Amino acid sequence: MAFNNLAENAERLSRRIQESFQERTRDFTKSNQASYLDANDLDKTVNLSKLLDSTSEREKLDGLKRIIAMISKNRNVSAYFAQVIKNVASPNLEIRKLVYIFLLRYANVEPDLALLSINTFQKDLADSNPLIRAMALRVLSGIPVTSIASIVAVAIRKCAADSSPYVRKAAALAIPKCYKYALSHNQSLKLQQLLIEPNDSLDTTHLPLLMQTLSTLLRDRSPLSVGSVAIAFNAICPDRLELLHQHYRRWCRMVADADAWGQVQLLELLTRYARKMLSRPPSEETIEAEAGQTNREDPELDPDLDLLLTNASPLLHSRNPAVVMAVSRTIYYLAPVKERQKIVLPLLRLLHSSKEVERVTLENLSVLARDSPEMLQPHVSRLYIRSSDITQVKQVKMRILVALITPGNAQDMLREFKDYVLDTDDKLVSDAVWAIGRCALKAPDASSSCLSALTMLIRSSNDVAVAAAVLALKSLHQHQISLKTSTGTVNVVASLASHYDNISHPEARACILWMVGQYARASDQRSTPMPESLQAIEPWVPDILRKGVKSFKSDPSAVRLQTLTLAAKTFVLASSHEQIRLLVRYVFSLARYDLDYDVRDRARFLTSLLTGVNGGISGGSGNDEEDAAVQEGVILRAPQVIHVLFEGKVTPEDEDRWKTGAYDLGTASLITGIAMQDDYLRQLPDWPHEGTDSSLRDTQDDTPTPFYSQPSLKLPGFGPDSIGFSSRPGSTLSTPVALTPGGASPSSSAPKPGLARPQYMDLDKFFASDEEAAESDSEEDETDEEIETQAKPKPQNVATTVASHPVSVASQEPTTTGGDEASHSTHEADDEYTDEESDEEDAFLRRG
């Protein structure tokens, strides 16, 4: 029997040890937490309810980790809401964190069940652990239930006065969430209307309480929470910058101590405040204008603006790209022009970060290239395109390089653009060819090289390069027409006309037809003999017209429109040639019944315009009713028609090839190319005509502290004065002397009357005085021995005798004895007595 009991106990113990071992080694079997994400969703849901209902905390934690992993994969696990929410009061902090995450995700799905846990959150707000208090407020403010808005507002106000800066940070971040409850009362308003006019048609029931809480948080001096306070301010009252007067200077000094994302928000808010409340920095024109006047001082920068720039500039070396971008925005829009150059190198440093950071940085550098190209011109080589760059990065770099073209670097840029034409990216090839044309416009000295490069590209086998070269030549010649520098233009157009059959790009074919018609008039240097009726046009014009008319039906609308224009120009120059007349009449008859109304309208307009040229297109034969209708208006003669068709062309403006808007530095709209609603709050106001009074920003922190320290407070009964000792020079516990140039020691208290203190001017005198004090000590000890042998005092106890022992004061002062000695205090007793002094004291006591 005993043996059986022993066997059962052994088996039970073995089973418990095995369970304990499995429990302890669970983390080793799943050492990598990524296993929850790698596992199949079906495997995660197996026994999931059993794990959540288990009494073991490890099994609960395992089940919650599986649920959170499924949430990260956007799987619906709302069916486990009731089983998860009952663990909200678990003593395990890790379990509670996961429950909070689950609750934030699915509180809007089961709002009634979420409300059951509010009492737990309110209880956690009084927990001793600041992490628990902050998490409870975060979850409580994240429950999207309008009915608890008042409870959340009170909880925020309570946590705003918490002793932990982490809890105050959570309170600041909860203010925008609570403010959204007011927005949710009016479901008919769209988000765009709320962002544009946030104070119209809103339920502001909780706004006064939130404003009081925000006022409390604005006075917070913790760098941990200052960034969150800036977020809360931008959420509920972004336009009330006058509330920041008393906090502006303190925030400027705290910006370097805040966390990285707090620095971003704080710099954004301080930048808007400076643009609205401070004086404009002196511009270069103002400095040059005032420099020419005599007896005029240089314009000074506003001290408060200088304070912000001084404290923000060191953050250009931050490792966080967002901080560097925020500081660059602050300096670019607040600092004088001569100080903006300091942001270039930090921004170029970010180009070696990730691909995403590189793209965002380049978009912001494009703003500098557009507005202040002189800032990037010394660093243009760092912006050259690499073959490994993505398409978006290549496009932005090309835009920057085109903006940085100058007559000095035009040849280098041209070599770069020629190299980019050989790239496999068709978009980059098209942009590079267009950039060659822009280089010819910006640097007239390099225009001949650019024209040669574009002419050679026409013979290229790459259709994209050929089409882009034709478009670039058209734009270039349009500008040269206004400059009256059309040398070599006819030869270029003749070369384009010879390659008309090889070009398939519709816009390029339309450009060739336009250029052939524009330069159809014969030049003086023509060497090819022509019939008398074709003497006024170039020899290649009729052939191009024939090809255009032949493919008129199948060509796109843009090509058909230019074919009609070419036919009209050719007819007005060679109206007597019968074949030209027949070609023109045929193409206009096709256009009269074209499906595109633009083509039909162009045909009617040109037919009416050519009515007075040699009898018009119809030549008097055809439909009499239509001819009569055409001749009803004003009839122009041939010279007038030539002037309308060939002269009076307006030089085209510089087109924005990439259709980029004029967005500000550091905005999301600059990256997306679309006006973002979030950038409404980031719009910088214009500089005021005169800044606000600086006294509005004066606080007690700005009061200068005195150089010397204040006298320390002495309490009776404490310190060496209470035991009746007097100080003596050379004592090891004497008050330390602080050396100051030409003044008394700052560490000393108010000087006592009648007690002179030596003024030490340097270290040599200080150490010399110590040696003299030591010598005077030895002399005074000998004098004390002689006095003791002669004196016959009254009998007293040992304490009184020791206290009345004659002691000398500071050097160069008369020695005092008797009753005056007891009135002075000292920091230390005399040095140790020798054997002879001890024998003398014993004899003195026996005589007493």
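A salt bridge is here a side-chain nitrogen of Lys or Arg within 4 Å of a carboxyl oxygen of Asp or Glu. The legends describe a predicted model, in which local features need pLDDT of at least 70, side-chain atom pairs count only at pLDDT 80 or more, and totals for chains, interfaces and linings use all residues. Residues are numbered from 1 along each chain as its sequence is written, and side-chain values use heavy atoms, with hydrogens and water left out.

**View 1. Salt bridge between K547 and D501.** The N to O distance is 3.0 Å. K547 belongs to helix α31 (residues 541–550), while D501 sits in the loop between α29 (489–498) and α30 (506–518), so the contact ties together parts 46 residues apart in sequence. Helices are DSSP runs (H or I, at least four residues), numbered from the N terminus. K547 is buried at a relative accessible area of 17%, whereas D501 is exposed at 52%. Buried means under 20% relative accessible area, exposed over 50%, and partly exposed in between (1.4 Å probe, protein chains only).

**View 2. Salt bridge between R96 and D124.** The closest N and O atoms are 3.7 Å apart. R96 is in helix α8 (residues 93–106) and D124 in helix α10 (residues 118–124), and this pair links distant parts of the chain, 28 residues apart. R96 counts as buried at 10% relative accessibility, and D124 as buried at 7%.

**View 3. Salt bridge between E358 and K397.** Here the closest N and O atoms are 3.9 Å apart. The pair links helix α23 (residues 355–371), which holds E358, to helix α24 (residues 391–403), which holds K397, across 39 residues. Both E358 and K397 are buried.

**View 4. Salt-bridge network of R249, D304, R697 and D698.** For the model, the salt-bridge count comes to 25.

**View 5. Packing of α24 against helix α25 (residues 410–420).** The axes, lines fitted to C-alpha atoms over the stretch in contact, are 11 Å apart. The packing angle is about 155°, on a scale from 0 to 180 degrees between N-to-C directions. The two helices are therefore roughly antiparallel (over 145 degrees). α24 passes α25 in a left-handed crossing, meaning that the near helix is turned anticlockwise from the far one by less than a right angle. M398, L401 and V402 of α24 meet M413, F417 and Y420 of α25, with contact taken as heavy atoms within 4.5 Å. By class, this contact has six nonpolar, no polar and no charged residues. Ala, Val, Leu, Ile, Met, Phe, Trp, Tyr, Cys and Pro count as nonpolar, Asp, Glu, Lys and Arg as charged, and the others, Gly among them, as polar.

Technical notes: Angles under 35 degrees count as roughly parallel, over 145 as roughly antiparallel, 65 to 115 as roughly perpendicular and the rest as oblique.
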